[in-house]
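I opened my notebook to look at how two chains meet. Here is what I looked up, entry by entry.

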Amino acid sequence: MLTDEERQKFAAIADVLIPSAEGMPSASEAAVPEKWLDEALRHRPDLTAGLRAALTAAGDLPPAEAVDVLNSEHIPAFEALGTLAAGAYFLNPEVKQLIGYPGQVPTVPRDDTDTYFDLLENVLERGQVYRDVPTAGPDA
Amino acid sequence: MMINHSLDLPDVADVLVVGAGASGSVAVKALAESGFSVVCLEQGDWTPPSAFAGDKPEWELVKQKQWHPNPNVRGGASDYPVDTSESDVNPLMYSGVGGSTILYAAHWTRFLPSDFKVKTMDGIADDWPFDYAELQPFYERMDREVGVSGLGDNPAYPPGAGYPLPPLPIGKIGRKAAEGMDKLGWHWWPGANSIPSREYRHRPSCLRYGTCLTGCPAGAKSSTDLTHWPDALEAGAKLVTGARVREITVDDQGLATGAVYLDRNGIERRQKASVVILAGNGIGTPRLLQLSTSNLFPDGLANSSGLVGKNLMMHPYGAVVGTYEDPLDSWLGPAGQSIESMEFYETDTSRGFVRGAKWNVMPSGGPLGMRSGYGGRPVDESWGVNFHRNVKANLGRSFEWGIIAEDLPDESNRVVLDPSLTDSDGIPAPKLIYTSSETPSKLIDFHDERAREAHEAAGAITTSTTRLMRDCGWHLLGTARMGNDPATSVIDQWGRSHDVANLYVIDGSAFVTSSGVNPTATIMALALRSVEHLIATRRDQVVSSPSAAH
Ligand SMILES: Cc1cc2nc3c(=O)[nH]c(=O)nc-3n(C[C@H](O)[C@H](O)[C@H](O)COP(=O)(O)OP(=O)(O)OC[C@H]3O[C@@H](n4cnc5c(N)ncnc54)[C@H](O)[C@@H]3O)c2cc1C
Ligand code: SF4
């Protein structure tokens, strides 16, 4: 579990990475720091160490500066933090709805050959695209 | 001396198979159904469809770790590590019942006739010891065994039997890509996939989750735990999971006598057998042969040619992603190939290189990013306002033309035993020494450029090219190659070792050349051909006599 201080620091950095813009909520507005980060960490406990390393490296820098420092000097730690921020954001069903992503939902395959048979006829008209080979080549 | 105490295993099996993946499954089923007593040793375990994350919200997070195809990233209990410090490409695989078919994308593609005759046709590498017509009936039988969905009469292939199932939907991405190919007058065809488009032999139809590369949660995709193992077990085959083989044992005459393995309690056990078949894949098999040293075979088993582990081919993979204005629902499966193209597959020397590549259209997945290996953007390109803009522009609106470049055999590309790295049982791990040579480099540049044109003709707003993905070692081939001459090959055309008359190799290691297509249809057809020959010639099979065995 993260301490309150770590969580606040993460929230500030996550809001630089995922701000409120383009009709989308920021990371904090989407409950990433309180709720979805924990869910993401539950699935990716291996990222905990990288996240902590990033927060330590960020020190008391203002969040935007911290992002620049992390991106240039602490790449693996920044990747862990970035994966968690984005991964947690997209776990939020409201975010999924806003971006129009239904998630991986079962969809029965429908035969769609009728949508392309016209194009396929042209392929057939152009004919064979493989080379014939001599029937008895030398052995390996 | 170790004894078998589980499962009711025979003291001496007729045949021992190492590895329960694509090729091992074919062999075990065919042998058990022909009345042989068969024991299969597999280091991994069963992976039930419910274990896969494809139908769960966390899918995109766990696919980058727990379900990553690179065993070094995944680090599963069944996996062995691979030293890749001297390799341009990471090997990808899965350890368990079904082997790497658990994670494969199920593109089901045959070699072309010219692929068996590379030397004759293009003056390089070697010919295979047989031709396309010889393998065609095995391809057709394997199509039915696994349940392939596709459309017949593809002008990229000689005529033959159609597929047992109608094609899967090509979707909006396939239709869009096809429009571009049509404008350019280039070949394309609905992709053939080993994924059932409707219920097939107790398996449900695909449900288009699009998560095939991390395992199929519907239990639809034709992985061999589902297509072969139920029948094999029914026919009496014995499967020992969690059995990591560390050595193939031999007698004083140099004949194989069985294998020594470690179970998951770390206890060393031995399984004796009259015939041993290796199906551990293009890395696992040479590793095991190299581990099996003895007075008679100081350089490793079956290695009088010195070629065990050499000629590793992994198919450099290029990808060109196009982004489009229209919504294309490009997270929908299968993934899987929507459409394929063989327009630039055959040699055209005016391009400045020989050989070619198959292309395939694949969906681009969810918002967290396609697959590993595509990242690496500067901070303000990927974050801040652009984080949202990128999602809006790309999600559901982009797809990939993937390019499988033919890799040529080169002895300096090889698998060796690592001097210090070991697996969790203390067995030396393999190390890869592999650089992508000049021909595939030129080839990829040419194909990337053409794929970009294909996207543009289809109306793409932007394209981005990944020249060579590091995480692209899906296809592990060539490291115990077949041929007629024992000086230049490890096994004969039936998979039998030139040196050890009762030892066979039937996995991707057997390949003489790699082709420019996904190899598993060929691996499985070839395994069937080899094992049926073994069955047909059982009376002539030389085996270790009890007095010669240790
Ligand atoms: C992510 C991914 C996508 C792919 N997509 C495609 C595709 O679309 N089309 C295609 O044609 N191919 C694809 N492939 C490749 C395909 O999966 C392989 O070609 C095929 O599975 C290889 O078959 P094999 O029998 O050689 O080995 P595998 O299927 O890898 O099986 C080898 C088995 O041997 C076991 N083993 C190894 N060593 C030992 C030991 N010492 N003791 C006990 N057991 C051992 C392993 O645990 C494993 O289960 C893909 C592969 C991956 C990883
Ligand atoms: S697309 Fe089909 S085969 Fe692939 S994972 Fe989904 S249900 Fe399985």
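How many residue pairs are in polar contact across the interface of chain B and chain A? I found 19, both residues of each pair being at pLDDT 80 or more. A polar contact is a pair of N or O atoms within 3.5 Å; within protein, one must be able to donate a hydrogen and the other to accept it, and residues adjacent in sequence count only if both atoms are side-chain atoms.

A note on the ground rules: this is a predicted model, where local features need pLDDT of at least 70, side-chain atom pairs count only at pLDDT 80 or more, and totals for chains, interfaces and linings use all residues. Residues are numbered from 1 along each chain as its sequence is written, chains are lettered from A and ligands numbered from 1 in the order written, and side-chain values use heavy atoms, without hydrogens and water.

Next I looked up salt bridges (a side-chain nitrogen of Lys or Arg within 4 Å of a carboxyl oxygen of Asp or Glu). I counted 4 between chain B and chain A. One of them joins B:Glu346 to A:Arg131, at 2.9 Å from N to O.

Then I turned to the contact itself (heavy atoms within 4.5 Å). Chain B brings 74 residues and chain A brings 60.
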